[in-house]
Amino acid sequence: MPYELKSLPLSTKVLFSSYLIIIAIGYFVAVLQILFTHGMADTKFGLSIEDIVYSYYGHRSGSKLEAMLNGPMQPYAPPEERFQIIQWVRDGASRTEYEQAIRPIIESRCVMCHGPNSTQPDFTRFEEVQKRAVTDTGATVQSLVRVTHVHLFGISFIFMFVGIIFCFASGAPEPLKALAVAMPFIFQLTDIASWWLTKLSPYFAWLVIAGGAGMAMSFVFMWIVSMYEMWILPLKYRPQGIQTESYLRYLRPKKG
Ligand code: HEC
């Protein structure tokens, strides 16, 4: 390798490091975003296998309305009324019965939070209630197609640049480096394939976690090695005393 991270010019090191720092912050925020979306799928904070199953496979045993009425929305209506809504869902959620029996319950118990001006779905509109009365089959194919192409393009870009920077590392043997730069791409494919597999069967949920964790680990590895070789390693070789000239010669890239 004609150029090594430890002997790059200052400007290049600053450029590479700035990029790595921004990307690390981006990664951190992406993890927060996962915790706030998928992490809340089972209504408890923190990412679990259940969250992954609910997000991709869905609650196949029942509708969202039923799951919420038996879960976090339980305190807002007495059992007979909740049972009436659930019965209506199981009977096929017809409009006529909704107008006769269900709308009054929803209007008196739910619309103070689920009204037209709230951030929650507006249950004064029948369609909004109906949408949540069908079996929840998790992520739609359209949403998976969208997220898949965004991730393939976007994340490959990130790992291309992180990988290029890491290629200038000199501390690790070449086969290990080759493996390290390939890992994020392999884990990315695993991760994306596992979303689709989990949509088909909940048994693949663990693969989503494994793919994401593997990608994060390869990122952290390349990040730390690159930063270490740019900023810490040169300090270790700095000679004691005034041999600045030989130190500078050492820092200059070797020819050939
Ligand atoms: C005190 C306010 C409040 C009341 C009353 C309330 N909800 Fe909610 N509801 C929320 C909040 C906040 C959320 C979103 C947070 C969450 O998912 O736990 C939510 C979410 C939901 C969802 C999921 C919506 C979605 O698809 O994201 C359903 C379904 C639901 N509520 C049904 C009901 C029903 C039925 C009632 C009446 C029996 C009701 N809620 C009463 C505050 C309320």
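**View 1. The shell of residues around the ligand.** The ligand is surrounded by 17 residues, and the closest are Met68, Met73, Ala77, Cys110 and Cys113. A residue counts as near a molecule if its C-beta atom, placed from the backbone, lies within 6 Å of it. This is a predicted model: local features need pLDDT of at least 70, side-chain atom pairs count only at pLDDT 80 or more, and totals for chains, interfaces and linings use all residues. Residues are numbered from 1 along each chain as its sequence is written.

**View 2. The make-up of the shell.** Of the residues in the shell around the ligand, 11 are nonpolar, 3 polar and 3 charged. Ala, Val, Leu, Ile, Met, Phe, Trp, Tyr, Cys and Pro count as nonpolar, Asp, Glu, Lys and Arg as charged, and the others, Gly among them, as polar. Helix 3, residues 64-70, gives the most to this shell, with 4 residues.

**View 3. The helices of the protein chain.** The protein chain has 10 helices and 0 strands. Helices (H or I, at least four residues) and strands (E, at least two) are DSSP runs, numbered from the N terminus.

**View 4. The two domains.** Domain 1 covers 5-53 + 138-251, and domain 2 covers 61-131; these bounds come from an automatic or database domain assignment. The centres of domain 1 and domain 2, taken over C-alpha atoms, are separated by 43 Å.

**View 5. The extent of the protein chain.** Taken along the principal axes, the C-alpha atoms of the protein chain fill a box of roughly 90 × 35 × 25 Å.
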